[in-house]
Amino acid sequence: MQSGPLPAVRNRCKNHNEIDNVKKSPGRRILRAVLLVDESLFVPDDPDFMKRPKKPWEAEFSVSHALRMLGHSVVGIPATLDVAETIARIKAARPDFVFNLVEEMNGRREYDSLLVSILELMEIPCTGASAEALMLSRNKHLAKLLVAEAGVPVPKGVVIAADMKHSLAGLQFPLIVKPVQGDGSEGISAKSYVKDPAVLQRRIAQLIRRSPQLILCEEYVPGREIIVTLSGVRTITIDSICELVFPRKSQIKFATELAKFDARYRERAGIFYRTPTRLPEKVKERVIDFARKAYRALWIESYAKVEFRVGDDQVVFIEANPNSQLSRFAHSTDFISIGYEKFIKKIIRMALERHKRMRRRL
C-alpha cells in the first residue's frame, strides 16, 4: 500500500507544500483508505488514481486527491463479480475505512448494495448510504410510497409488469414512463414522455424488450427541475440547491439521461445547471422541508441528491440518489461554496460514527 501523499499528487497542487502541511497538522490522524470503484472505471496502470484524469469530472480522481489532501493513504480496488476476491483484496489492505464509489456490478445498478451489505456484516466502516437505504432509493416506486407516507407530495403512478395486464387507474396524460429500478435518470429519454394510450403501449413494449423488468408510469409534473444536495445523520444539512434549466423552446423540459450526463448534448440543446438557483422564499422553505423528510424516510444517513419538480403552487418529489456524484467538478452540487475537502471529510466522519453506533448495538 502507498502511504501518505505521493509526488504525482503533490505535482498537481499549485502550492507544493499544501499536502505536506495537511499531513503535518498536529492532532490529525492518518487513516488507511480503500477506494472501492466500479470495475469498468478501474485503471490498472493507475490503480490508486494518482495521475491526471482524462475527464475532469471523474469522481475517482477527485476523491483520491482529496483523501491525500486530508493526509490519508489510498489504495484503489475494483468491485468485480468475483465478490470473494474483491473482499479478500479489501481485507488485505487493512483499511480504516472503505470509501465507496460503486454504482453498479456487471452493469446492474441494483447490485450496488451487495458489497455494502457484506462490509456491514464484516464490520468494516464504509462511506455512503447503508445497503438498506440504497435498496429503498433504487426502487423508484417503493421510494415514493415511503416518501408519500412521510407527508411529501409524489406523482400519481402505477407499476406495470411484462406478464400482467395493466390498468392506468385513472392516470391523466401526459405520462412519464421509466424503469422501476435505476439510478438518477437512467432509462429516461425524450420518448419517456407520452401523450396518449397508443404511444404508451409502444413505449412499454420497447422497455420490456430491452430489459424485462417492472415499468413505472407516472403523471407528468410540469415545473422547474430542482436538485437538493443534503448530508448528515441526526442533523441534516442542506448543502446546495441546484436547478437543471431548460430553454423555453426546448423539446423536453424534464431530466433525461442525456440532459443530466451529456455536456455536449446540454450545450446543443441550451440546457444548463444553475448552482445555486433562486426560489421564492416560501417555495424554498417547502423544498428544504420536503427534502429533509424524503431523506429521513429513505434512511439515507450519509449524503444524497433529492430531486423535485417545482411549480408556482406545488413541490413534488421525483427521486432520491444516495451516494450521488462526487466529482469536484460536478455541476449539480456547489462544491466551491461547500468546500470539497470539507465535504469529503464529513463523509468519512459520518461513516466512522455509523460504524461506532453499529458496534455498540452488538
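User: Buried means under 20% relative accessible area, exposed over 50% and partly exposed in between, with a 1.4 Å probe and protein chains only. Which residues of helix α7 (residues 140-149) are buried?

Analyst: The buried residues of α7 are Lys140, Ala143, Lys144 and Val147. Seen down the helix axis, they fall within an arc of 100°, so they line one face of α7. The arc is that of the directions from the helix axis to the C-beta atoms. Helices (H or I, at least four residues) and strands (E, at least two) are DSSP runs, numbered from the N terminus.

User: Where do these coordinates come from?

Analyst: This is a predicted model, in which local features need a pLDDT of at least 70 and side-chain atom pairs count only at pLDDT 80 or more, while totals for chains, interfaces and linings use all residues. Residues are numbered from 1 along each chain as its sequence is written, and side-chain values use heavy atoms, with hydrogens and water left out. pLDDT is the predictor's confidence in each residue, from 0 to 100.

User: In the chain, where is confidence lowest and where is it highest?

Analyst: Helix α1 (residues 7-10) has the lowest confidence, with a mean of 34, and strand β3 (residues 97-100) the highest, at 98. The chain average is 87, and 89% of the residues score at least 70. Over residues 1-24 the pLDDT stays under 50, although the model has 43 contacts beyond four places in sequence for them. Contact means heavy atoms within 4.5 Å. Where pLDDT is low, the predicted coordinates should not be read in detail.

User: Back to the helix. What covers the buried residues of α7?

Analyst: The covering elements include α6 (131-138), β5 (175-179), β7 (215-219), α11 (281-297) and β12 (315-322). Just after α7, Gly151 takes a positive phi of about 95°.

User: Changing topic: what is the order of the open sheet of three strands?

Analyst: The order is β2-β1-β3, with parallel pairing. β2 (73-79) and β3 are the edge strands, each pairing on one side only. From one strand to the next, the twist averages 30°. Seven bridges join β1 (residues 32-38) to β2; among the facing residues, Arg32 stands opposite Ser73, and Leu36 has Ile77 as its bridge partner.

User: Why is β2 largely enclosed?

Analyst: Seven of the seven residues of β2 are buried, so the rest of the structure largely encloses this strand. Ser73, Val75, Ile77 and Ala79 are buried on one side, and Val74, Gly76 and Pro78 on the other. Helix α3 (residues 59-69) lies across β1, β2 and β3, at about 175° to β1. Axes are lines fitted to C-alpha atoms, for helices over the stretch in contact, and angles run from 0 to 180 degrees between N-to-C directions.

User: Last topic: how many aromatic pairs are there?

Analyst: The structure holds nine aromatic pairs. In the pair of Phe49 and Phe61, the ring centres are 5.2 Å apart and the planes at 90°, so the pair is edge-to-face. Rings of Phe, Tyr and Trp (its six-membered ring) pair if their centres lie within 6.5 Å; planes under 30 degrees apart count as stacked, over 60 as edge-to-face and the rest as tilted. Both Phe49 and Phe61 are buried.

User: Which pair is stacked?

Analyst: Tyr193 and Phe254 form a stacked pair, 6.1 Å centre to centre with 25° between the planes. Tyr193 lies in strand β6 (residues 193-194) and Phe254 in the loop between β9 (236-245) and α9 (257-261), so the pair ties together parts 61 residues apart in sequence. Tyr193 is partly exposed, at 28% relative accessible area, whereas Phe254 is buried, at 8%.

Key
Pairing = 2+ DSSP bridges.
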